[in-house]
Amino acid sequence: MALMRITSPHAHNKQSTSDVMKLVLLATLPGVLALTVAFGWGTLINILLASIFGLTLEALALAARKRPIAFYLKDYSALVTAVLLGIALPPYSAWWILLTGMFFSIIVAKQLYGGLGYNPFNPAMVGYVVLLISFPIQMTVWAAPIELLPASVSVPNLWDSLLIALGFMQFPSVDGFTMATPLDLLRQNNALMIDDLKQQYSQFGQWGGTGWEWVSLGFLVGGLYLLYRKIFTWHAPISMLLALALMSALFYDGGSSASSGSPPFQLLTGAAIFGAFFIVTDPVSSAVSNKGRIIYGAGIGILIFLIRKWGNYPDAVAFAVLLMNFAAPLIDHYTQPTTYGHSKKSKS
């Protein structure tokens with residue numbers, strides 16, 4: 001999230017940037033709680049370490065640019081970026097993964113472009129994609145849902161989770177504690193019917209992945225809260241989810257070995273709902289007008305499905321968002337609203 005670009009007339013929101021950022025942080029709580037219940041303390045440790053690294057890097061960059069450190073840190077934008085990246089990364093990620101991701105998010109994707117409001121790409125997604133391309137093994141090792149863990153494997157407590165992230169402790173049993181995600185299993189499947197796949201692998205729940213259903217609903221609650229508080233409009237997130245649902249419905253064949261899953265599965269598994277309400281709605285790197293936001297969100301939804309079905313990455317939210325960040329200026333060019341006091345659209 002960042003400062004919102006607005007077109008004339010310049011209607012001002014009573015909420016400051018810091019107020020908006022604090023509401024975004026508050027809205028992530030239901031989803032983070034669901035992640036903690038489903039997968040253990042790993043996500044909270046991700047957020048803690050990413051926040052420390054993010055704020056430190058932001059302060060260092062501001063000092064190097066001779067900008068007032070306290071003034072800019074108080075807008076909470078670096079903290080929001082850290083929380084979003086910490087949520088997106090696999091639980092119990094190593095400290096150096098978090099540090100590398102935050103470096104590219106804060107220094108490369110944000111500060112090198114001039115800071116808050118000038119970044120053409122979503123900072124958290126830049127960090128995520130750099131990590132996914134650079135460290136594919138570490139980025140695809142997800143903790144198994146707690147309810148599916150064998151009795152011989154104990155869930156690390158909060159202190160042990162911190163030690164694991166810092167490299168002072170190993171998982172109790174890597175083979176028992178980690179598990180392929182449902183999206184990854186579906187992408188690699190080329191022989192089993194969907195029903196047979198669900199019977200063979202316990203990662204699949206009633207509608208989506210085990211644990212993922214509640215995580216998605218948690219972020220849905222937070223997203224609806226932000227809509228209620230008018231932090232953003234409905235156009236981008238709803239158009240993204242509708243486009244993803246429509247694409248999955250068009251290509252759903254009832255559950256053959258070539259199927260990509262039903263629309264509920266596509267929506268309730270992975271980062272679809274989290275991305276729709278907390279990533280796609282970044283006002284700096286997205287389109288400006290309501291019509292543009294609909295096109296922007298729909299493009300992301302279509303790309304998510306295409307990459308999930310035919311790409312090399314099981315969850316494609318970050319790639320889809322960055323690709324549409326490229327397209328946002330072009331969308332803005334052709335969807336500019338009529339300038340206040342004029343009957344025709346202005347040409348750029």
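## Basis of the description

The model is predicted, and local features need pLDDT of at least 70, side-chain atom pairs count only at pLDDT 80 or more, and totals for chains, interfaces and linings use all residues. Residues are numbered from 1 along each chain as its sequence is written, and side-chain values use heavy atoms, with hydrogens and water left out.

## The largest nonpolar core

A nonpolar core is a set of buried Ala, Val, Leu, Ile, Met, Phe, Trp, Tyr and Cys residues joined through side-chain atoms within 4.5 Å, where buried means under 20% relative accessible area, exposed over 50%, and partly exposed in between (1.4 Å probe, protein chains only). The largest such core holds 84 residues, of which Tyr128, Phe278, Tyr296 and Ile300 touch the most other members. Its largest share, nine residues, comes from helix 18 (residues 317-334); helices here are DSSP runs (H or I, at least four residues), numbered from the N terminus.

Leaving aside residues up to four places away in sequence, Tyr128 touches Leu85, Ala88, Leu89, Met139 and Ala318, a contact being heavy atoms within 4.5 Å.

## The second largest pocket

On a 1 Å grid over the protein atoms alone, a cavity is a set of points where a 1.4 Å probe fits but cannot get out, and a pocket is an open set with protein on both sides within 12 Å along at least five of seven lines; lining residues have an atom within 4 Å of a point. The second largest pocket has a volume of about 520 Å³, and among its 31 lining residues Ala88, Tyr128, Met139, Trp142 and Asp315 are the closest to its centre. Elements that give two or more residues to this lining include helix 5 (77-88), helix 8 (136-139) and helix 18.

## Two single residues

Gln111 lies in the loop between helix 6 (95-108) and helix 7 (123-134), and Gln111 counts as buried because its relative accessibility is 6%. Not counting residues up to four places away in sequence, Gln111 touches Glu58, Ala61, Leu62, Arg65 and Ile106.

Leu48 lies in helix 3 (residues 42-64) and is partly exposed, with a relative accessible area of 41%. Leu48 and Leu98 are 50 residues apart in sequence and 10.0 Å apart in space, C-alpha to C-alpha.

Note on methods: Points joined across faces, edges and corners; volume = space filled by probe spheres on them.
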